[in-house]
Amino acid sequence: MPVTPDIPDRQAPAAAENSASGGGGVSSDTPAEDAAQAEDVRRGSMGARVGGHVHRLATIIALICAVAVWQIVSILHVFPPIALPSPTAVWRALVLLLSQGYGGRSLFEDMWISVVRIGIGFLGAVLLGVPIGLGMARNPLIFRVIDPFLQFVRPVPPLAYIPLLVVWFGIGELPKILLILVGTVPVIIIGTISGVKGTPALRLSVARTLGASEAQIFRYVILPSVLPEIFTAMRVGIGVAWTCLVAAELIAADQGLGWLVQYAGQALQVAIVIVGIIVIGILGYCMELLIRVVESRAVPWRGHT
């Protein structure tokens with residue numbers, strides 16, 4: 001007894017027209033009208049492809065302009081070279097990191113350990129936060145028990161937890177993963193609660209009128225409505241997770257991208273610091289794109305850009 005979520009309003013007239021004409025898809029009276037409709041579809045598809053190419057080209061041009069401005073500022077010595085190395089110096093630092101590494105570790109080793117920490121901590125936050133959010137949204141007693149702790153933890157900066165986690169769990173992997181989990185799980189919980197609360201009341205009324213059980217209402221009405229909010233919370237949470245990871249690696253780590261940035265900064269190797277920052281940004285963006293891809297598969301009824 002599924003209830004189809006979020007059918008765009010503009011499809012309703014077309015569906016009604018098809019129904020009135022006997023159903024079975026778009027039909028027309030003459031071959032000329034069919035050809036005209038096919039031509040409109042072709043032009044619309046071509047326009048979408050051209051628009052996509054234009055947007056990608058605009059992004060590339062913006063990146064090139066940013067690098068050009070950076071190069072000009074470095075040539076004019078607006079800042080000392082030790083404070084702002086040129087793009088070519090950063091490129092040489094990247095080549096050095098890839099070929100020889102820095103601080104006894106290669107760039108790929110630091111990237112791998114940071115990605116593993118993020119993956120475990122973020123996945124744990126999702127697995128823990130979604131059920132808690134669903135329970136809080138559906139059961140007032142659970143909400144009243146957990147909400148004070150959630151509101152207490154949420155505004156505390158992740159850096160404040162680091163001394164306690166180091167004292168309790170040492171400087172191994174566990175405190176870093178726990179810091180990512182503690183920093184990310186409130187975002188997932190709040191997103192899940194928002195999704196459940198945002199379920200249209202009309203859908204719930206229709207489901208109950210049709211005799212759906214609570215399990216069926218959850219499976220076919222609430223869950224499809226809450227999934228987009230969960231994925232939005234995950235996209236926000238992945239940025240929070242990277243913030244927590246870098247904060248943990250800056251203070252209590254001997255490997256990872258945060259450690260690389262800190263270690264190079266202490267030696268005034270600003271070019272390596274910039275490389276580390278760029279790599280963190282690229283990895284974070286790649287994870288964001290991965291979540292978008294999963295979202296487009298799991299929530300096909302939501303518009304994706």
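Analyst: Ala, Val, Leu, Ile, Met, Phe, Trp, Tyr, Cys and Pro count as nonpolar, Asp, Glu, Lys and Arg as charged, and the others, Gly among them, as polar. The model under discussion is predicted.

The structure contains one cavity of 30 Å³ or more. The space in the largest cavity comes to about 70 Å³. It is lined by 11 residues, of which Ile162, Val166, Pro175, Lys176 and Ala248 lie closest to its centre. Helices α6 (162-169) and α7 (173-197) each contribute at least two residues to this lining. By class, the lining of the largest cavity has eight nonpolar residues, two polar residues and one charged residue.

The largest pocket is a separate topic, and its volume is about 410 Å³. Among its 15 lining residues, Trp70, Val90, Leu94, Ile278 and Ile282 are the closest to the centre. Two or more lining residues come from each of α2 (31-75), α3, α4 (107-138) and α11. The largest share, five residues, is given by α11. The lining of the largest pocket consists of 15 nonpolar residues, with no polar and no charged ones.

Two of these helices also pack against each other: α3 (residues 87-99) and α11 (residues 270-298) meet at an angle of about 75 degrees, and their axes are 8 Å apart. Angles of 65 to 115 degrees count as roughly perpendicular, and α3 and α11 are therefore roughly perpendicular to each other. On the α3 side the contact involves Ala89, Val90, Ala93, Leu94 and Leu97, while α11 supplies Ala271, Ile272, Ile274 and Val275. The residues of this contact are nine nonpolar, no polar and no charged.

Terms used: Residues are numbered from 1 along each chain as its sequence is written. This is a predicted model: local features need pLDDT of at least 70, side-chain atom pairs count only at pLDDT 80 or more; totals for chains, interfaces and linings use all residues. Side-chain values use heavy atoms; hydrogens and water are left out. On a 1 Å grid over the protein atoms alone, a cavity is a set of points where a 1.4 Å probe fits but cannot get out, and a pocket is an open set with protein on both sides within 12 Å along at least five of seven lines; lining residues have an atom within 4 Å of a point. Grid points are joined across faces, edges and corners, and a volume is the space filled by probe spheres set on the points. Helices (H or I, at least four residues) and strands (E, at least two) are DSSP runs, numbered from the N terminus. Axes are lines fitted to C-alpha atoms, for helices over the stretch in contact, and angles run from 0 to 180 degrees between N-to-C directions. Angles under 35 degrees count as roughly parallel, over 145 as roughly antiparallel, 65 to 115 as roughly perpendicular and the rest as oblique. Contact means heavy atoms within 4.5 Å.
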